[in-house]
Amino acid sequence: MSLKSKDLVSIKDLEPEDLELILDTAAGFKDVLGRDIKKVPALRGKTTVNLFYEPSTRTRTSFELAAKRMSTDVINFAVSTSSVIKGETLKDTALTIQALGADFIIVRHSCSGVAAFLARNLNASVINAGDGINEHPTQALLDLFTIKEKKNTIKGLEVAIIGDILHSRVAKSDIYALIKLGAHVRLIGPPTLVPACMKDLGVEIFTDMNKGLKGVDIIMMLRIQMERQGKGFFPTTKEYFRNWGLNADRLARAKEDAIVMHPGPMNRGVEISSEVADGSRSVILEQVTNGIAVRMAVLYLLGGVRE
Amino acid sequence: MNQKILIKNGHVIDPSQNIDEICDVFIEDGKILKIEQKSSRAAGTPPPQPPLAKGGNEKGGMASPHTIEAKGMYVLPGFVDMHVHLREPGFEYKETIKTGTEAAVRGGFTSVCCMPNTKPVNDNSSVTEFIIRRSIQEGFCTVYPIGAITKGQKGEELAELSIMHDAGCIAFSDDGWPVKEALMMRRALEYSKILDVPVISHCEDLSLSSGGVMNEGLLSVTLGLQGVPAQAEEIIVARDISLAELTGARLHIAHISTAGSVELLRTAKKRGTADITAETCPHYFSATEEAVKGYNTNAKVNPPLRTKADVEAIKQGLADGTIDVIATDHAPHHSDEKLMEFDRAPSGISGLETAFGLCMKLVDEGVLTLKDLAEKMALTPSKIMRVKKGTLKSGSDADIVIIDTKKEYKIDAAAFRSKGKNTPFDGMSLKGAVVTTICKGKIYKWD
């Protein structure tokens, strides 16, 4: 079994069946993670390169673990110490890595469209680990996996995504994935950070968090980047928390069995209170574990270089 | 250069003389001698002989003209592009005066006006003189420099408009950039009145467009690309119209792209209290933001490609005369530069060699007639720039373009004469081609 494309660049490009296939495959790999010997020999001999132009510990480590669990050789291409600093273009760097024999290139970059660019220009399988403010497909996949584990289904669920939607590649991928699998999506946040035109995608937009959380099954919190302060999107993090922070009070407005998710890293006290982050309804740490299984599934299904 | 040329049996369209019929065009020594309408010749009389050259040639007999058979073709005044970037001096890797003017004549343009955002900026007479000298040495067509409004195009200090005008600048613009401060734009408009020149405005509110790389809308959100709202253009269009009305100067609005801008111009022209003209470019009536899908950097341009509704409004603006001119904003870039992250790639479309073909689509659709094209691409830009071009009147330079409206072809960027192959229209099928361009009597025939 495999995916039609050699790459995983964008949730927008996938059909619902593709999403289901990845989730089912991930379930199998999660079992492996429970065993003593956490290895699957399927991709032995293949080479995975992590090409991270933006700093990242959790995603890169997660991909590295997944790639190693699938028995590939893993190389971390350290951008800061490389020829990129000497002015080498993106295309030249990627072609060099390909010439070194990479089968999988996992790329994170601050510009949207970079993963698509590499996928178009290279024979290797390109996996988008986050491109600008466009998409972060594997994050959405692990979010879906987590929801499915907890709620047995995606279809018909009321899902609220809260925060800086405009600049969040996680939110975008989540929105596309949830809609494809039939969830009802609500976006909650300041008007400056939730583009009004997104209602044309079929989502509901709220600025009032109390109203927006009524009847919600899944609460997905997004990190507020400190750099967004002082740029006119919202006045201060203090005011932000007053309007859109998740505390126990607000959580109580959602359904009794609603779960709380966050892609990490969290800003405690800015978008989420410690009480909720560490509370019983939070599945934040499970998301991290599931991330490895999902990434193993993606590597497996992409399978490496096609002739 | 051929001394005597006769263009026979072509359908001549010359709005400056209200000619729109089959004629013979007589050219001598790089000038148009006369146009003879076939209809004015009595039936049965033989066609006239070309006039005897004064003094005759060495052999003592009458020199016979170089004859171009133009039956089934249209003969128009050579196009005048009042907005091109020739990139020389300073960015010769993108284009030179030589390659840019070669691209121009291929596209049917016999005169081009080049913008000052070179390196160094054309904000002084030395650079102006350099450009003119180069164009005489190496240019394929006439080049008129447009000088900067402000020094370095920084929007802070007026450049020496009179001295640059003496050196050959026929208009002024900080194109590439807006004039940021309303006060500076006011002063520039007021001061420019000492010369009979248009001030050409690139309308963009930098604070609204900051970081933007395509039109703002659902598409920019779903591509994860920062958008530029239509208002970034419209706010400065409104500002500059206001200032033109305040100062009584001649304002020309460059590259308009939105429905809102068209409406502002329409209303201003109705008011009639200022001398305002405007141009659009073929890409603003031939493509929408959809061309950016897939992160196609060849569709990255400033102002950006907009929506279907904007395209319709631009066409309507052309049809009802709100938009006076079609110019290309020819912006060539090196292919390495367009093969980059979308955010980092420079904006611009190489347009000289696709302009006429794209304009012919408007004729096919019934938006404009060929006569309208001759006005918007030749006569009106010449009038605005106060140059004696865009006309086939006797005594004018023999700047002529011959068109085959039935010829079908595909755009082939790799074959462009321009160094810039950056176009979103590569591979597009078109009908209507430039088959011959004549610059001051020099003939360029194209396959």
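1. By class, the side of chain B that touches chain A has seven nonpolar, four polar and two charged residues. In this classification Ala, Val, Leu, Ile, Met, Phe, Trp, Tyr, Cys and Pro count as nonpolar, Asp, Glu, Lys and Arg as charged, and the others, Gly among them, as polar.

2. The model is a predicted one, in which local features need pLDDT of at least 70 and side-chain atom pairs count only at pLDDT 80 or more, while totals for chains, interfaces and linings use all residues; side-chain values use heavy atoms, with hydrogens and water left out. Residues are numbered from 1 along each chain as its sequence is written, and chains are lettered from A and ligands numbered from 1 in the order in which they are written.

3. How many residues does each chain bring to the contact? Chain A gives 22 residues and chain B gives 13 residues, where contact means heavy atoms within 4.5 Å. Five residue pairs between chain B and chain A are in polar contact, both residues being at pLDDT 80 or more. A polar contact is a pair of N or O atoms within 3.5 Å; within protein, one must be able to donate a hydrogen and the other to accept it, and residues adjacent in sequence count only if both atoms are side-chain atoms.

4. Over all chains, the structure holds 40 salt bridges, each defined as a side-chain nitrogen of Lys or Arg within 4 Å of a carboxyl oxygen of Asp or Glu. One of them pairs A:Asp217 with A:Lys255, with the closest N and O atoms 2.8 Å apart. A:Asp217 lies in the loop between helix 7 (209–212) and strand 8 (218–221) of chain A, and A:Lys255 in the loop between helix 9 (248–251) and strand 9 (259–261) of chain A, so the pair ties together parts that are 38 residues apart in sequence. Helices (H or I, at least four residues) and strands (E, at least two) are DSSP runs, numbered from the N terminus. A:Asp217 is buried at 7% relative accessibility, whereas A:Lys255 is partly exposed at 35%; buried means under 20% relative accessible area, exposed over 50%, and partly exposed in between (1.4 Å probe, protein chains only).

5. In chain B, the side chains of B:Arg250 and B:Asp196 form a salt bridge of 2.9 Å, N to O. B:Arg250 belongs to strand 13 (residues 250–253) and B:Asp196 to the loop between helix 4 (182–192) and strand 10 (199–201) of chain B, so the pair ties together parts that are 54 residues apart in sequence. B:Arg250 is buried, with a relative accessible area of 11%, and B:Asp196 is partly exposed at 44%.

6. A further salt bridge joins B:Lys371 and B:Glu375, whose closest N and O atoms are 4.0 Å apart. Both residues lie in helix 13 (residues 370–385) of chain B, four residues apart, about one turn of the helix. Elsewhere, salt bridges that share partners link B:Lys31, B:Lys389, B:Asp397 and B:Asp399 into one network.

7. Is helix 1 (residues 97–106) of chain B mostly covered or mostly uncovered? Helix 1 is mostly covered, with seven of its 10 residues buried; among them are B:Ile97, B:Ala103 and B:Val105. The elements that cover the buried residues include strand 7 (109–114), helix 2 (125–138) and strand 17 (429–439) of chain B. Just after this helix, B:Gly108 takes a positive phi of about 95°.

8. A:Asp7 sits in the segment before helix 1 (16–34) of chain A and is buried, with a relative accessible area of 12%. The side chain of A:Asp7 makes a polar contact of 2.8 Å with that of A:Lys6. A polar atom of the A:Asp7 side chain also lies 2.8 Å from the backbone nitrogen of A:Val126.

9. A:Ile147, in helix 5 (residues 137–151) of chain A, is buried at 0% relative accessibility. Leaving out residues up to four places away in sequence, A:Ile147 touches residues including A:Leu157, A:Leu178, A:Ile218 and A:Met261. The C-alpha atoms of A:Ile147 and A:Ile218 are separated by 7.8 Å, although the two residues are 71 residues apart along the chain.
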